[in-house]
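This briefing goes through one protein model, topic by topic. Please keep the sequence and the structure at hand while reading.

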Amino acid sequence: MATPSRYETAEGVRWEIRFRTPDHKQTRKRGFKTKKAAQDYADASAVSMQQGAYVPISAGKKTVEALGPAWLERKQHLKPSAYRVLESTWRNYVLPKWGSRGIATILKTEVQAWVTNLAVGKEPGHPARSATVVKRAHGILHGILADAVSDRMLASNPASDVSMPLRKPKEKVYLSHEQVHAIAEAAKYPAVVRVLAYCGLRWGEMAALRVQDLDLERRRLRVVNNAVDVAGKMILGTPKTHRTRSVPFPRFMLDELRAAAEGKESAELLFPGPDGGYLRNARVHENNLSWFASAIKKAGAPRVTPHDLRHSAASFAVSAGANVKVVQRMLGHKTAAMTLDVYADLFEDDLDVVSDALDAAVEASRNQA
């Protein structure tokens with residue numbers, strides 16, 4: 001059994017404990033202010049060794065900066081756009097704060113303070129950040145430390161069970177048919193506006209459409225690929241859920257889409273950009289109006305982004321009688337539950353339908369009695 005030893009320092013008496021690790025190497029831990037603290041550490045180490053959970057002292061000296069790159073490398077299976085966001089968050093938020101810290105020195109209270117300060121704008125060098133950004137930054141630190149726990153470099157994860165800021169959903173804007181058509185008529189690419197607003201495609205899915213993905217006879221668009229701008233370079237990949245899907249388009253768009261495909265080979269882009277490549281996302285900035293933002297301004301419509309047109313697509317589908325499963329398939333959500341979470345407000349009328357149906361059923365049963 002390990003016995004604490006006393007020694008003198010400039011600050012006064014200190015205690016150390018010497019013991020053997022599971023690999024039979026002699027080691028010691030110094031700096032305890034009391035004999036009891038040293039003995040408690042020795043007893044806890046003995047128990048952890050018996051349980052196979054002992055963490056070498058030297059392992060906790062590894063820094064977050066030393067472990068972070070390997071953790072990021074293991075995330076390269078993600079889509080390029082998702083990986084770039086992770087790498088940027090690591091570089092801007094996690095590395096400056098925690099990079100030089102030994103993993104064993106990080107306290108849960110420190111992690112909680114960091115998360116809170118990021119959310120309210122008290123973290124030096126950063127204004128208040130959204131719940132999404134804060135959760136992503138915390139998730140990276142938590143993941144790095146979780147791997148350290150798995151590799152027995154750390155006994156427990158100090159980033160676990162930390163309170164996160166609540167995410168405030170962005171208020172969705174649903175356009176009317178008249179507003180969508182006004183924007184389309186004022187836009188440089190009217191067919192693009194209608195595809196986004198009536199088919200619910202993401203921008204990258206629309207930009208990646210090729211002539212061969214257009215089925216004029218069945219009035220379908222086949223979503224196979226997704227073109228995303230990653231650091232100024234267009235990267236072609238699969239849709240968000242990695243699944244292809246077939247999306248219907250209304251009959252009034254038939255001539256417009258036929259015209260978009262006319263004279264093109266089957267492998268050519270249906271909606272190419274000015275340079276013949278993928279059409280880049282039309283940003284919405286007050287000081288730098290894109291063709292999309294200019295069309296919104298000219299049409300006098302509410303300020304929305306191209307992605308926001310998916311909300312109108314969902315609204316039009318539901319008002320036309322589509323159920324949640326149809327809307328899910330059209331928008332390319334992973335599950336119907338996700339569609340309900342995002343667009344629960346569109347299905348509120350279903351509650352009245354259920355209530356009215358119950359009234360009718362009870363009334364019918366009373367009449368039969």
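Leaving aside neighbours within four places in sequence, Thr 89 touches Val 94, Arg 136, Ala 137 and Ile 140. Thr 89 belongs to helix H3 and, at 5% relative accessibility, counts as buried. The model is a predicted one. The notes below start with the protein as a whole and then turn to helix packing, aromatic residues and loops.

**Overall make-up**

- The protein has 14 helices and eight strands.
- Of its 369 residues, 38% are buried.
- Among contacts with a separation of 6 or more, 58% are between residues 24 or more positions apart.

**Helix H3 and its partner H2**

- The axes of helix H2 (residues 64-73) and H3 come within 11 Å of each other and cross at roughly 175°.
- Because an angle over 145 degrees counts as roughly antiparallel, H2 is roughly antiparallel to H3.
- On the H2 side, the residues that meet H3 are Val 64, Glu 65, Gly 68, Pro 69, Trp 71 and Leu 72.
- On the H3 side, the residues that meet H2 are Tyr 83, Leu 86, Glu 87, Trp 90, Val 94, Leu 95 and Trp 98.

**Helices H11 and H12**

- Helix H11 (residues 309-319) and helix H12 (residues 324-331) have axes that come within 10 Å and cross at roughly 150°.
- That angle makes H11 roughly antiparallel to H12.
- The crossing of H11 past H12 is right-handed.
- H11 contributes Arg 310, Ala 313, Ala 314, Ala 317 and Val 318 to the contact.
- H12 contributes Val 327, Met 330 and Leu 331.

**Aromatic pairs and a cluster**

- A search of the whole structure gives six aromatic pairs.
- One of them is formed by Trp 98 and Trp 114, which are edge-to-face, with 5.6 Å from centre to centre and 90° between the planes.
- This pair links distant parts of the chain: Trp 98 is in helix H3 (residues 80-98) and Trp 114 is in helix H4 (residues 108-120), 16 residues apart.
- Trp 98 has a relative accessible area of 1% and is buried.
- Trp 114 is also buried, at 2% relative accessibility.
- Tyr 198 and Phe 252 form an edge-to-face pair as well, at 5.2 Å centre to centre with 85° between the planes.
- Tyr 198 lies in helix H7 (residues 190-199), while Phe 252 lies in the loop between strand S8 (245-248) and helix H9 (254-261), so the pair ties together parts that are 54 residues apart in sequence.
- Tyr 198 is buried, with a relative accessible area of 9%, whereas Phe 252, at 45%, is partly exposed.
- Tyr 189, Trp 203, Trp 291 and Phe 292 form one aromatic cluster.

**A charge over the Trp 98 ring**

- The charged end of Lys 97 sits over the ring of Trp 98, at 5.8 Å from the ring centre.

**The loop between H3 and H4**

- Ile 103 is in the loop between H3 and H4.
- Ile 103 counts as buried because its relative accessible area is 1%, and buried means under 20%.
- Ile 103 and Met 153 are 50 residues apart in sequence, yet their C-alpha atoms are 8.4 Å apart in space.

**Loop residues with positive phi**

- Most residues other than glycine have a negative phi.
- Asp 161, which is not a glycine, has a positive phi of about 55°.
- Asp 161 is in the loop between helix H5 (131-150) and helix H6 (177-186), and at 70% relative accessibility it counts as exposed.
- Arg 219 also has a positive phi, near 55°.
- Arg 219 is in the loop between strand S4 (214-215) and strand S5 (220-223), and at 22% relative accessibility it counts as partly exposed.

Technical notes. Residues are numbered from 1 along each chain as its sequence is written. This is a predicted model: local features need pLDDT of at least 70, side-chain atom pairs count only at pLDDT 80 or more; totals for chains, interfaces and linings use all residues. Side-chain values use heavy atoms; hydrogens and water are left out. Rings of Phe, Tyr and Trp (its six-membered ring) pair if their centres lie within 6.5 Å; planes under 30 degrees apart count as stacked, over 60 as edge-to-face and the rest as tilted. Helices (H or I, at least four residues) and strands (E, at least two) are DSSP runs, numbered from the N terminus. Buried means under 20% relative accessible area, exposed over 50%, partly exposed in between (1.4 Å probe, protein chains only). A charge sits over a ring if NZ of Lys or CZ of Arg is within 6 Å of the ring centre and within 35 degrees of the ring normal. Contact means heavy atoms within 4.5 Å. Axes are lines fitted to C-alpha atoms, for helices over the stretch in contact, and angles run from 0 to 180 degrees between N-to-C directions. Angles under 35 degrees count as roughly parallel, over 145 as roughly antiparallel, 65 to 115 as roughly perpendicular and the rest as oblique. A crossing is left-handed if the near helix is turned anticlockwise from the far one by less than a right angle, and right-handed if clockwise.
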